[in-house]
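Dear colleague,

Please find below the structure that I am handing over to you. My notes on what was found in it follow directly after.

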Amino acid sequence: MIRKLRHIFNACLATGYFPDKFKHATITLIAKSGKSAHEVGITAPSRCWKFPGNCWRGLLPADSSPTLKTTTTQQGTESAIALAYEEIALGLANKHQINIILRDVSKAFDKVWHDGLKYKIIQLQLPTHLTRLLCSFLDHRTATIRLGSHLGTPLHLRSGVPQGSVLSPTLYILYTANLPQPTPHSNYFSYADDVTQIISHPSKSQHIMKLTTQRAIQNINTLSTIGKYRLT
């Protein structure tokens, strides 16, 4: 079996094609505590992807291309925490007023726009086979919803990257790599679907601090229309 899988994976890398058979998921709705499994809005969907597809995604590291590595470097939880800590410490040392905005993108991975992501992948000018492979990874994804012993008809997934895949955070970072430049007296640090904004202002005026914070928030909020996802 290992030899057969190795042959398939090598063929995928050589041709730039991700098999459709690996792109189907079964979605099981898990009810939250004390809630009914029939109320879709308050359930947590758990997706089970084909096992060979999960194995293959682990074979394509973010540093498989220098361009891809450059785009996704310094994107980690440790880096984000360290940079935020340094920014806050510097503001306090200078006796600035400081506001912190912690953002989490609502259903982030589910809202990745496939065509927009593919456009950004193409703009990276990766090796042709890798560009084709990443775009093929997004195409023709399907899912079936399981409710008890019942399976629904397959649904075509026209947005989103697979949750639980080691490749999905890298694709999401690529998708959100063009966040706007910070406004004056503000900075932000992001990793995957988390964005931390820090506003540090030397003025003692609460009104000025409020206006500065509002400008910084609105600056990132422009993604609600540009990026086709909502920040909460």
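Predicted model: local features only at pLDDT ≥ 70, side-chain atom pairs only at ≥ 80, totals over all residues.

Residues are numbered from 1 along each chain as its sequence is written, and side-chain values use heavy atoms, with hydrogens and water left out.

Confidence

The mean pLDDT of the chain (the predictor's confidence in each residue, from 0 to 100) is 79, and 77% of the residues reach 70 or more. Over residues 225-232 pLDDT stays under 50. For that stretch the model has 23 contacts (heavy atoms within 4.5 Å) beyond four places in sequence.

Overall composition

The secondary structure comes to nine helices and eight strands. Helices (H or I, at least four residues) and strands (E, at least two) are DSSP runs, numbered from the N terminus. Of the 232 residues of the chain, 39% count as buried; buried means under 20% relative accessible area, exposed over 50%, and partly exposed in between, with a 1.4 Å probe and protein chains only. Among contacts between residues at least 6 apart in sequence, 68% join residues at least 24 apart.

The sheet

Three strands form an open sheet in the order β3-β8-β7, with antiparallel pairing. Its edge strands are β3 (97-104) and β7 (186-191), each of which pairs on one side only. From one strand to the next, the twist averages 15°. Two strands are said to pair if DSSP finds at least two bridges between them. In general, strands of a sheet pair through backbone hydrogen bonds, either parallel or antiparallel.

On one side, β3 and β8 pair in the antiparallel sense over eight bridges, and Asp 104 stands opposite Asp 194 in β8. On the other, β7 and β8 (residues 194-201) pair in the antiparallel sense over six bridges. Here Tyr 191 stands opposite Asp 194, Ser 190 stands opposite Val 195, and Tyr 188 has Gln 197 as its bridge partner. The hairpin of β7 and β8 has two residues between the strands, and in it Ala 192 takes a positive phi near 50°.

Is β8 enclosed or open? Six of the eight residues of β8 are buried, so this strand is largely enclosed by the rest of the structure. Helix α4 (residues 77-93) lies across β3, β7 and β8, and runs at about 165° to β7. Such angles run from 0 to 180 degrees between N-to-C directions, the axes being lines fitted to C-alpha atoms, for helices over the stretch in contact.

Positive phi values in loops

Most residues other than glycine have a negative phi, and most peptide bonds are trans. Lys 95, in the loop between α4 and β3, has a positive phi near 60°. Lys 95 is exposed, with a relative accessible area of 64%. His 185, found in the loop between α7 (168-175) and β7, likewise is not a glycine and has a positive phi of about 70°. His 185 is partly exposed, its relative accessible area being 41%.

Cysteines and helix α8

How many disulfides does a search of the whole structure find? The search finds zero disulfides, a disulfide being a pair of cysteine sulfur atoms within 2.5 Å. Cys 12 is buried, with a relative accessible area of 3%, and Cys 135 is also buried, at 12%.

Ile 208 is found in helix α8 (residues 206-221). Ile 208 is partly exposed because its relative accessible area is 36%. Not counting residues up to four places away in sequence, Ile 208 touches His 201 and Ser 203.

With kind regards
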